[in-house]
2 protein chains.
Amino acid sequence: MAISPQEAIHRRNLGALLRYVHLRGAASRAELTAGLGLNRSTIGALAARLAEAGLVREETPPSGGRAGRPSLMVRPDPTNFHAYALSVEVDRLRAARIGLGGEILDIRTAELAPGADCAAALDRLAALVDLLRPGTPAGGTAIGVGVALAGETRGADGTIRFRPAGAWTSETVSAALGLDRPCRVGNLADLAARAEHARGSARGLDDVVYLHGDAGISAGIITSGLAGTGRGIGGQVGHMVVNPAGRACRCGSRGCWETEIGEPAVGDRAGVLALVAAARAGEPAARDAVRRTGEWLGHGVANLVNILNPEAVVFGGTLREIYRAAAGHVRGRLLDMALPAFRERLRLSVPVLGDDAALVGAAELAFEQLLNDPLNTPPLNDPLNAPPLADPQNAPPLTGPLNAPRATTP
Amino acid sequence: MAISPQEAIHRRNLGALLRYVHLRGAASRAELTAGLGLNRSTIGALAARLAEAGLVREETPPSGGRAGRPSLMVRPDPTNFHAYALSVEVDRLRAARIGLGGEILDIRTAELAPGADCAAALDRLAALVDLLRPGTPAGGTAIGVGVALAGETRGADGTIRFRPAGAWTSETVSAALGLDRPCRVGNLADLAARAEHARGSARGLDDVVYLHGDAGISAGIITSGLAGTGRGIGGQVGHMVVNPAGRACRCGSRGCWETEIGEPAVGDRAGVLALVAAARAGEPAARDAVRRTGEWLGHGVANLVNILNPEAVVFGGTLREIYRAAAGHVRGRLLDMALPAFRERLRLSVPVLGDDAALVGAAELAFEQLLNDPLNTPPLNDPLNAPPLADPQNAPPLTGPLNAPRATTP
């Protein structure tokens with residue numbers, strides 16, 4: 001199973017090219033040559049090999065005014081490989097078929113009854129996936145499943161806690177769907193953050209806080225370009241105490257952000273929309289509620305800004321509506337509370353992917369292995385990802401002790 | 001300047017071996033073989049090349065009871081290569097000569113007069129470094145300078161703001177020291193966090209918050225094993241608002257953590273030590289002050305735990321004394337406020353490296369380039385760190401467009 005350094009590099013470059021077009025869309029060979037720092041003939045060979053595997057298409061662009069042979073466009077092919085993305089939200093379940101390239105090809109929604117448990121939710125999700133299957137073109141392959149769960153999920157120690165209660169493991173999801181494909185589970189806010197970072201409003205930024213409001217407030221936090229809470233840990237920002245003299249919270253503490261911010265922000269979507277509409281119509285009580293909610297939203301965001309100094313804060317879920325209606329109040333609190341040096345480069349926004357951010361992020365979980373090693377035959381641990389490398393003259397088998405200690409960053 | 005994949009791998013492996021012994025101390029060839037996943041003859045060749053360059057020593061271990069030839073010990077050699085580590089603290093300046101391997105070989109301290117500016121501080125630091133120089137053994141080389149600055153420092157956009165005021169850039173520090181070596185500047189809490197993560201109480205952990213108390217409270221935050229704020233951004237956790245009805249803070253806001261926690265925690269070291277001693281002696285007012293301070297310390301830590309879910313919180317600077325004296329009160333607040341699932345794996349500790357953590361971290365900044373490419377002739381961008389790699393058959397020059405787009409992590 002030993003592979004040569006040349007072959008390892010070739011596979012890595014295949015992944016880099018596929019990831020480039022998967023995340024950015026169609027690109028000319030000329031753009032790829034510049035963007036990937038590889039020479040033209042290498043790009044040509046890589047694109048041809050990916051096209052042969054059905055992962056990309058090469059197309060002649062519509063002829064422009066310029067002389068000479070136009071550069072072929074390389075485009076991810078969504079027909080042959082897709083992922084199933086599932087999301088378990090506070091009051092609904094969604095399932096989508098998402099093609100390589102990140103396009104949502106089909107999506108189905110079902111209500112999640114209050115009090116439903118994990119098994120019931122999985123049954124509904126399996127039924128939604130069954131509705132998606134017939135749309136798959138002949139020869140199309142589901143490469144995996146990604147699941148976005150609201151509530152707390154934990155990946156590092158294998159334990160997952162969530163809403164609705166039950167065993168949301170890779171195995172139970174796979175079994176419920178009757179799908180013999182890898183299945184990965186993540187936190188909804190984390191996955192939405194990753195999607196907005198890869199494709200949306202936070203593209204190209206290094207430090208991002210994505211806030212998701214539903215029955216509470218959670219966060220997906222990206223630091224130094226990496227999803228720091230991507231392992232499904234943390235981000236329970238709603239339980240930051242913002243007011244020691246505040247109201248009792250369901251977590252047992254007092255004055256938590258999500259308790260102080262109150263019903264309008266963390267209630268159900270319909271309630272939030274109704275409130276915002278009433279405020280827009282000038283109803284005084286609704287305007288007051290929106291103002292107070294915006295101020296508490298700004299208060300918590302200011303704390304996160306002072307702690308993490310993000311370049312962007314993205315308001316998702318119910319917070320999207322609140323932010324849109326109360327942006328001035330949010331900004332007012334930031335002016336009062338956030339450190340000037342941190343405010344000055346801060347961008348506030350709503351998700352470009354809207355409510356679909358978490359689904360798109362869940363699909364990325366499923367695509368990850370394919371992007372790391374597009375030809376994937378056989379599945380291998382790319383040795384270039386595992387420092388240090390074996391001396392090529394004496395390469396040990398790849399199945400050997402390549403699990404070197406994690407590179408420490410002193 | 002193109003190098004072969006074999007040569008790139010060899011250089012990377014040299015760096016991996018040197019980093020291993022630099023961070024962990026002397027190791028037998030047998031341990032290195034297992035720890036680095038390389039075979040015995042490769043380890044032998046790498047160690048020999050590093051020894052030839054004066055970076056490590058190979059020694060026969062004291063003979064044990066076991067039969068057979070003992071495995072040679074590989075030990076970082078601190079005599080030939082050292083770093084200068086400087087720290088600019090609230091009321092003092094320190095300069096240390098730190099050998100490869102992380103040992104503090106010599107250290108000097110000077111007072112920092114209140115109101116001193118950057119130029120004055122740099123003069124004093126240069127004088128301290130002059131005191132360190134004569135101790136350097138013949139042939140010893142300073143490979144670089146790392147500076148730990150309290151207050152806010154920003155690296156990403158090139159701007160640095162700090163205490164004392166002035167231009168703390170790599171260039172001004174280099175010029176003041178009259179040293180033609182690379183100089184890197186970082187935030188004191190960030191660097192202390194990195195040092196404790198690499199060598200101290202947080203070794204082997206992925207998610208760590210290091211809190212530093214001096215005139216305020218700052219944090220070095222490590223997520224997923226990476227120093228997320230290592231670029232000197234963020235971590236101004238002292239300006240998280242914990243009490244909207246609290247006291248006015250010098251930042252312009254109200255009820256900030258470092259204001260509410262009060263004088264005892266963020267006063268000068270002598271004041272903190274006196275308070276803690278009085279509380280230990282049973283003086284009621286001092287006991288009360290320590291209790292209140294411990295409770296507010298626990299309050300802020302609980303918020304950080306709920307936001308970031310770290311595996312460890314390390315209390316440095318003046319917070320070390322407060323935590324030691326008031327651990328029960330800190331833990332009491334965590335029991336009330338931190339989410340149970342997050343508390344259960346949390347470890348609270350004080351820095352193993354004590355007050356020297358930031359200096360050791362500053363030295364790591366200076367050693368970084370050497371560890372990435374120990375032979376360093378000529379300085380190169382290791383292509384294995386810059387995905388994607390050039391196809392070896394058509395390798396572009398290393399000085400070419402290898403600045404591929406940052407690998408996105410969808």
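Which residues in H1(A) meet which residues in H2(A)? In this predicted model, A:Ala16, A:Leu17 and A:Tyr20 of H1(A) meet A:Leu32, A:Gly35 and A:Leu36 of H2(A). By class, the contact of H1(A) with H2(A) comprises 5 nonpolar residues and 1 polar residue, with no charged residues. Helix H1 spans residues 5-24 of chain A and helix H2 residues 29-36 of chain A; their axes come within 11 Å and cross at roughly 115°. The crossing in which H1(A) passes H2(A) is right-handed.

Chain A has 410 residues, of which 52% count as buried. Among the contacts in chain A with a separation of 6 or more, 65% are accounted for by residues 24 or more positions apart.

An open sheet in chain A is formed by 5 strands, arranged in the order S6-S5-S4-S7-S8 with mixed pairing. Its edge strands are S6 (104-111) and S8 (183-187) of chain A, each of which pairs on one side only. From one strand to the next, the twist averages 20°. Strands of a sheet may pair in a parallel or an antiparallel sense, through backbone hydrogen bonds. In chain A, strand S4 (residues 81-88) and strand S7 (residues 141-149) pair in the parallel sense, over 8 bridges. Within this pairing, A:Phe81 stands opposite A:Thr141 in S7(A).

Two helices that pack on the sheet may be described in turn. Helix H4 of chain A (residues 118-132) touches S4, strand S5 (92-99) and S6 of chain A, and its direction makes about 35° with that of S5(A). Helix H13 of chain A (residues 357-372) also packs on the sheet, where it touches S4, S5, S6, S7 and S8 of chain A. The direction of H13 makes about 135° with that of S7(A).

B:Gly252 lies in the loop between strand S11 (226-227) and helix H7 (257-260) of chain B. This glycine counts as partly exposed because it has 14 C-beta neighbours inside 10 Å, a count that falls between the limit of 12 or fewer for exposed residues and that of 20 or more for buried ones. B:Gly252 and B:Ala325 are 73 residues apart along the chain, and their C-alpha atoms are separated by 31 Å.

Technical notes: Residues are numbered from 1 along each chain as its sequence is written. Chains are lettered from A and ligands numbered from 1 in the order in which they are written. This is a predicted model: local features need pLDDT of at least 70, side-chain atom pairs count only at pLDDT 80 or more; totals for chains, interfaces and linings use all residues. Two strands pair if DSSP finds at least two bridges between them. Helices (H or I, at least four residues) and strands (E, at least two) are DSSP runs, numbered from the N terminus. Axes are lines fitted to C-alpha atoms, for helices over the stretch in contact, and angles run from 0 to 180 degrees between N-to-C directions. Two residues are in contact if their C-beta atoms, placed from the backbone, lie within 7 Å. A crossing is left-handed if the near helix is turned anticlockwise from the far one by less than a right angle, and right-handed if clockwise. Ala, Val, Leu, Ile, Met, Phe, Trp, Tyr, Cys and Pro count as nonpolar, Asp, Glu, Lys and Arg as charged, and the others, Gly among them, as polar.
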